Amino acid sequence: MSEPASTHHAHGHGAHDDHHHEENFFLKYFWSTDHKVIGMQYLLTGMFMALFGGFFPYVFRMQLAFPGISVPFYGVVSPTEYNALVTNHGTVMIFWVAMPVLIAAFGNYLIPLMIGADDMVFPRLNRLSYQVFAVSVVVIIASFLVPQGGFGGAWTAYPPLSANPDYNLTPWGSTLWLVAVALEFIAFLIGGINFITTAMNSRAPGMRWSDVPMVVWMICIASILFMASVGPLMAGAVMLAFDQNLGTHFFDPKAGGDPILWQHLFWFFGHPEVYVVLLPATGIVAEVITTFSRKKLFGYKTILYTAIGTGVLSFFVWAHHQFIAGIDPRMANVFTVTTVLISIPIAEMMFLFIATLYGGSIRFKTPMLWALSFIALFMIGGVTGIPLGASGSDIYLHDSYYVIAHFHYTFFPIAIIGSFTALTYWFPKMFGRMMNETLGQVHFWITAIAVNGIFIPLFVLGAAGQHRRIYNYNHFAQLSTPDLQALRILATVSLVILLLAQFLFLFNFFYSMFFGEKASKNPWKGCTLEWTTESPPGHGNWPADQLPTVYRGPYEYGVEGRDEDYWPQNVPN
Amino acid sequence: MSRVHAVWAVALAGLTLPGVAEACAVCFSATESNRGAFIGTTVFLTILPLLMIGSVAFYVYRRVKEMEATEPGA
Amino acid sequence: MAGTMSEKRDLRLIHPAPTREQRQIVPNEVLGMILFIGAEVMLFAGLISAYAVVRAGMPADAWPPPGQPRLPIAFTGFNTLLLLASGGAMWFGGRKFAEGADKAVPPVLASLGLGAAFVALQGYEWANLLGEGLSMQSSPYGSFFYLIVGTHAVHAVAALLVLSVATLRLRAGELTEHAFTALRAFWYFVVLIWPFLYWQVYL
């Protein structure tokens with residue numbers, strides 16, 4: 001636990017320190033301590049896991065739309081497989097896509113570049129973080145290959161279903177699932193320590209706290225939230241693993257345990273986790289919106305304070321997941337109030353983004369389109385959450401497809417649109433080439449329309465009473481009417497279109513990486529420090545004698561009396 | 001009654017509003033002590049991280065002030 | 001203090017050449033360890049909360065369960081004093097470090113010895129309790145006892161191993177001041193959380 005990197009910052013990466021440049025391919029790309037390489041490893045792993053976790057909904061939505069058919073590229077879906085697919089879709093998308101891409105990949109890549117540092121303060125801990133994460137990827141994939149297949153107790157893993165192999169029928173898969181999640185948490189714990197320490201101690205000379213770009217702030221706040229909330233879930237995970245394998249009865253009511261206890265331990269982490277992935281996405285959107293509307297970020301400090309307020313409030317809301325689990329009504333009252341309260345800072349943040357747009361000279365490049373669609377879709381997700389946060393109406397909507405549609409309207413903008421915003425915006429910096437703009441816009445429009453085609457029907461289905469986690473709705477007379485089935489087919493078709501559109505992105509991504517138009521240092525004319533170095537930056541980010549000094553805030557666009565409409569942070573006057 | 005009092009009164013009244021909604025007639029835990037423990041641990045788990053974060057933030061703030069006082073313009 | 005920020009920035013204009021020197025507000029190692037300890041505190045808070053909830057859900061006459069052995073309060077109380085003494089020795093080692101790294105070695109070794117004695121005596125207690133029939137499976141009482149005390153033991157053993165390696169580096173004069181501070185902070189965490197666990201689990 002004690003990385004002896006204390007002397008690291010004493011020596012530089014510059015010309016006198018050349019052994020990094022002589023490394024062979026393996027050492028360079030798999031054993032590197034360079035934050036950019038580690039960020040790229042996280043990014044590519046996260047993209048691979050997005051394909052992995054994105055394939056699951058294709059299979060189970062085909063089963064729901066056309067029950068019992070042999071799904072192309074998969075085969076007939078059994079009920080156990082269906083459970084494993086829905087469970088791991090949730091787990092993979094949150095823990096192996098949203099977290100590694102939004103926090104680990106962009107956190108690693110951007111924090112040192114944006115604060116003008118040559119690397120993280122604990123580079124070897126950083127490498128360890130990715131290695132632990134890579135092991136967790138192997139474990140979660142392996143959980144599908146063991147006898148009885150992957151864990152099928154839903155991504156929330158409520159006991160007694162998750163605790164007893166007689167109920168969940170996956171004795172191996174459930175334990176491997178827990179091990180993978182625990183490893184993943186350790187990886188992000190190490191990573192988060194690194195992010196916060198780096199942002200606090202390695203800032204360029206002259207960079208005050210109000211000169212730090214918003215995305216760096218957001219990743220740091222998210223890391224603090226993660227570290228402060230993950231402990232109880234780790235405790236619960238150990239207890240659940242003991243229940244599964246050692247014959248203890250922590251969550252078994254038969255023998256004096258308490259199943260509701262797990263729900264508290266899980267959601268104590270689980271709800272702050274929503275804000276852990278939301279805040280970096282809003283930070284990314286803030287960067288993109290200012291750059292492409294050529295206007296100063298409206299209310300920098302207000303956004304920062306609302307983010308901190310959101311973080312504080314996020315510890316007070318988790319029990320709204322247990323409104324019908326039989327928690328004390330006195331507790332339900334309090335949590336209803338806090339849950340509805342937390343929409344205020346988030347809404348404030350969205351309005352400040354819109355205020356940033358107001359009066360700007362907006363350029364509709366691909367990253368900007370993604371950023372704007374983030375605001376639009378996330379607002380739908382936020383507004384539809386209010387009936388769920390109020391404990392009275394939640395009783396009727398709980399565990400219906402309304403809930404599914406609601407949280408996908410939040411998580412899709414966060415995890416997918418947020419990642420696309422960041423990727424298309426920083427792609428020139430990461431790979432030194434521009435992405436194809438036409439392909440990018442085609443991909444954007446198909447994705448942004450198809451996602452509504454998936455989840456608007458699910459709102460309707462949920463309001464009609466369709467329950468979650470059902471293998472085949474033909475077993476329920478009221479839910480197997482033709483008009484409801486038509487909505488299911490609409491959602492499935494939209495999903496297939498959405499998934500096919502991603503191949504467009506993959507083509508664009510890999511083609512542009514090698515054959516795209518060469519990017520300049522600062523293709524978007526941004527003010528923040530990462531645009532002052534080469535694209536892609538070399539080892540050490542800046543030549544040793546040219547590390548930047550900061551003279552002003554990160555969003556000085558359209559300052560009057562200057563030739564250019566932007567004023568980079570590192571230019572003295 | 002001042003405006004602040006009125007706001008507080010409305011907020012407190014709001015706390016009592018959802019009181020009639022109980023979803024499940026049979027599934028809350030049997031004993032009052034268990035319910036009390038849930039509330040107690042909820043408060044404990046919620047306050048503890050905020051206290052820790054707050055105290056570290058305060059410590060950092062103090063350090064920054066200290067450094068600004070001692071650093072000769074570096 | 002007003003206006004120092006902007007004055008500071010103006011002064012920086014005179015020295016525009018950036019250096020790789022970090023302006024460490026809190027030393028890197030110490031800050032990293034503080035954050036790590038925060039996460040660890042939350043782990044134990046989760047365990048204690050779970051314990052409190054299950055304990056409160058039990059009928060009053062079923063906790064501790066009839067027919068199961070009672071935890072040795074006095075024996076562990078003595079053990080707690082050993083651990084606190086170990087923490088005191090570590091604190092003394094930190095004081096001595098200012099006089100020279102080698103001066104800090106004897107108190108740190110004493111601290112490690114006391115810590116190892118604590119772990120050994122806890123192990124002896126576990127062996128006795130297992131012999132008397134208190135196991136992880138026998139009741140939630142036993143489950144939580146072994147879970148919470150075991151989690152603490154894992155931390156204590158891991159800390160002892162790391163500190164042993166660190167002591168070798170301390171003796172060789174290779175351990176930096178901040179790394180030593182961070183390691184001591186982790187040991188204080190292991191020491192100081194124990195009385196709280198003792199109060200919750202044993203009393």
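Guide: We shall take each feature in turn, bearing in mind that this is a predicted model.

Visitor: Which residues make the nonpolar surface patch of about 650 Å²?

Guide: A patch joins nonpolar side chains within 5 Å of one another, provided that each residue has over 30% relative accessible area. Here the members are A:Phe25, A:Phe26, A:Leu27, A:Tyr29, A:Phe30 and A:Trp31.

Visitor: Where is A:Phe25 placed, and is A:Phe25 buried or exposed?

Guide: A:Phe25 lies in helix α1 of chain A, which covers residues 25–30. Its relative accessible area is 58%, and because exposed means over 50%, A:Phe25 counts as exposed.

Visitor: How many disulfides are there over all chains?

Guide: A disulfide is a covalent bond between the sulfur atoms of two cysteines. The count over all chains is zero.

Visitor: Are A:Cys220 and A:Cys527 buried or exposed?

Guide: Buried means under 20% relative accessible area. A:Cys220 is therefore buried, at 8%, and A:Cys527 is likewise buried, at 0%.

Visitor: What pattern does chain C follow along the sequence?

Guide: The pattern is α-α-α-α-α-α, with six helices and zero strands in chain C.

Visitor: What share of the residues in chain C is buried, and what share of its contacts joins residues 24 or more positions apart?

Guide: Of the 203 residues in chain C, 53% are buried. Among contacts in chain C with a separation of 6 or more, 80% link residues 24 or more positions apart. Chain C exposes about 8,700 Å², of which carbon and sulfur atoms supply 68%.

Definitions and conventions
Residues numbered from 1 in each chain as written. Chains lettered and ligands numbered in written order. Predicted model: local features only at pLDDT ≥ 70, side-chain atom pairs only at ≥ 80, totals over all residues. Heavy atoms only, no water. Patch = residues over 30% accessible without salt bridge, like charges linked within 9 Å, V, L, I, M, F, W, Y side chains within 5 Å. Areas by Shrake-Rupley, 256 points an atom, 1.4 Å probe, with all protein chains shown as cover. Salt bridge = Lys/Arg side-chain N within 4 Å of Asp/Glu carboxyl O. Helix = DSSP H or I, 4+ residues; strand = E, 2+ residues; numbered from the N terminus. Buried < 20%, exposed > 50% of the residue type's maximum accessible area, 1.4 Å probe, protein only. Disulfide = S-S within 2.5 Å. Contact = heavy atoms within 4.5 Å.
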